[in-house]
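Please read the briefing below alongside the sequence and the 3D view.

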Amino acid sequence: MLRILAGMHNEKSIKMKTHAIRIHQFGGPDVLRFEQVNLPEPAAGEARIRHKAIGLNFIDTYFRTGLYPSTLPAGLGSEAAGIVEAVGPGVNVVKVGDRVAYTGRPADAFSEARNFPANQLVPIPPKISDEQAAAVLLKGLTAWYLLRRSYPVKKGDTVLLYAAAGGVGSLASQWARSLGVTVIGVVSTAEKAKLARAQGCEHIVMADDPDVPAAVRKLTGGEGVAAVYDSVGKDTFFASLDSLRPHGVMVSFGNSSGPVAPFAPSELAKRHSLYVTRPVLFDFTSTREQLLAATAELFSVLQSGAVKIKVSQRYPLKDAAKAQADLESRKTTGSTVLIP
């Protein structure tokens with residue numbers, strides 16, 4: 001009798017229906033499809049999360065275009081917040097009813113509900129909303145590893161930050177200012193320049209400036225900056241190197257213009273012994289202890305008011321294609337969330 005009930009339970013769980021964004025080919029935003037999908041019961045070590053808000057990030061477009069390979073058909077989305085609905089065998093780090101957020105792979109956050117490894121879920125503090133948590137986790141932890149690990153900033157440093165009015169840029173500029181760092185922000189429009197200044201950028205350089213390094217050196221008395229945080233990639237890589245002071249650190253953490261082409265190490269030598277790093281968040285949060293420590297630091301600066309998270313755009317989950325199109329065409333500012 002127990003075996004029959006178990007079989008009925010498994011059959012029912014396999015046929016549980018939900019909706020998610022799927023891609024069946026790589027390409028532009030038009031390849032996104034809002035589909036009905038099956039969701040099984042959580043496996044051992046997993047929890048099922050009913051999403052309340054989903055974060056939109058530029059990295060999602062890399063999976064959509066195939067820049068970051070994945071097996072088709074595939075889901076999209078790297079962060080979300082919601083409620084634990086069920087837990088699989090062996091799970092004791094979260095329980096049903098907990099408010100949690102996560103960032104990680106496999107990419108499938110663009111969904112109404114999903115199963116995810118329980119040890120990668122973090123509790124959401126009571127004073128932080130679901131939308132804030134969904135909007136901040138990946139971008140906030142990215143700002144954390146940029147400023148605290150890739151090049152640990154020091155009071156008195158000057159740094160150059162690309163896309164300073166975007167999701168990561170908005171958080172990183174505020175956080176850097178709170179640490180006594182001067183931020184030179186690169187933005188694409190006058191409106192974004194105003195926003196970046198309000199969020200902590202002491203100086204602004206426009207993205208279409210024909211000589212960004214010259215502008216940076218003028219602002220730094222000819223010295224250059226201690227670090228460049230560059231999420232643009234191909235189009236700005238050498239301009240970023242030319243903006244650094246001797247022994248400066250180039251932190252390349254994105255590819256919005258395409259991947260950086262191979263280059264000779266001698267390019268670093270002739271620019272006065274520079275350093276280049278290409279960090280990945282999950283190398284800094286590979287254990288639960290590291291993840292909880294990083295998120296504790298992030299939530300601490302949010303709750304102190306030193307860093308404020310602004311959700312500037314909201315789209316229904318089914319309109320994820322429009323959200324991505326707006327993101328890529330620089331129509332968005334701050335953070336964007338999808339609502340299931």
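P73 sits in the loop between α2 and β4 (79-87), and a cis peptide bond with omega of about -10 degrees joins L72 to P73. Helices (H or I, at least four residues) and strands (E, at least two) are DSSP runs, numbered from the N terminus. This is a predicted model, in which local features need pLDDT of at least 70, side-chain atom pairs count only at pLDDT 80 or more, and totals for chains, interfaces and linings use all residues. Residues are numbered from 1 along each chain as its sequence is written, and side-chain values use heavy atoms, with hydrogens and water left out.

**Backbone features**

- Most residues other than glycine have a negative phi, and most peptide bonds are trans.
- A cis peptide bond also runs from R105 to P106, with omega near 5 degrees.
- P106 is placed in the loop between β5 (99-103) and β6 (113-117).
- H272 is not a glycine, yet its phi is positive, near 75 degrees.
- The loop between α8 (266-269) and β13 holds H272.
- H272 counts as exposed because its relative accessibility is 51% (buried means under 20% relative accessible area, exposed over 50%, partly exposed in between, with a 1.4 Å probe and protein chains only).
- S273, also not a glycine, has a positive phi of about 60 degrees.
- S273 lies in the loop between α8 and β13, and its relative accessibility of 39% makes it partly exposed.

**Helices α3 and α4**

- Two packed helices are described by the angle between their axes and the distance between the axes.
- Helix α3 (residues 130-150) and helix α4 (residues 167-178) have axes that come within 9 Å and cross at roughly 50 degrees.
- This angle makes α3 oblique to α4 (under 35 degrees counts as roughly parallel, over 145 as roughly antiparallel, 65 to 115 as roughly perpendicular and the rest as oblique).
- Axes are lines fitted to C-alpha atoms, for helices over the stretch in contact, and angles run from 0 to 180 degrees between N-to-C directions.
- Q174 is found in helix α4 and is buried, at a relative accessible area of 7%.
- Apart from neighbours within four places in sequence, Q174 is in contact with Q199, A306, V307 and K308.

**Helices α2 and α10**

- The axes of helix α2 (residues 58-65) and helix α10 (residues 320-328) come within 10 Å, crossing at roughly 110 degrees.
- That angle makes α2 roughly perpendicular to α10.
- F58, D60, T61 and R64 of α2 make the contact with Q324, L327 and E328 of α10.
- The contact of α2 with α10 has two nonpolar, two polar and three charged residues.

**Aromatic rings**

- A pair of aromatic rings is described by the distance of the centres and the angle of the planes.
- The structure holds eight aromatic pairs (rings of Phe, Tyr and Trp, the last by its six-membered ring, pair if their centres lie within 6.5 Å; planes under 30 degrees apart count as stacked, over 60 as edge-to-face and the rest as tilted).
- W144 and F284 form an edge-to-face pair, because their ring centres are 6.4 Å apart and their planes stand at 90 degrees.
- W144 belongs to helix α3 and F284 to the loop between β13 (275-277) and α9 (288-304), so this pair ties together parts that are 140 residues apart in sequence.
- W144 is buried at 2% relative accessibility, whereas F284 is partly exposed at 23%.
- F237 and F238 also form an edge-to-face pair, with 5.3 Å centre to centre and 90 degrees between the planes.
- Ring pairs link F58, Y62, F63 and Y68 into a cluster.

How values were computed: Contact = heavy atoms within 4.5 Å. Nonpolar A, V, L, I, M, F, W, Y, C, P; charged D, E, K, R; others polar.
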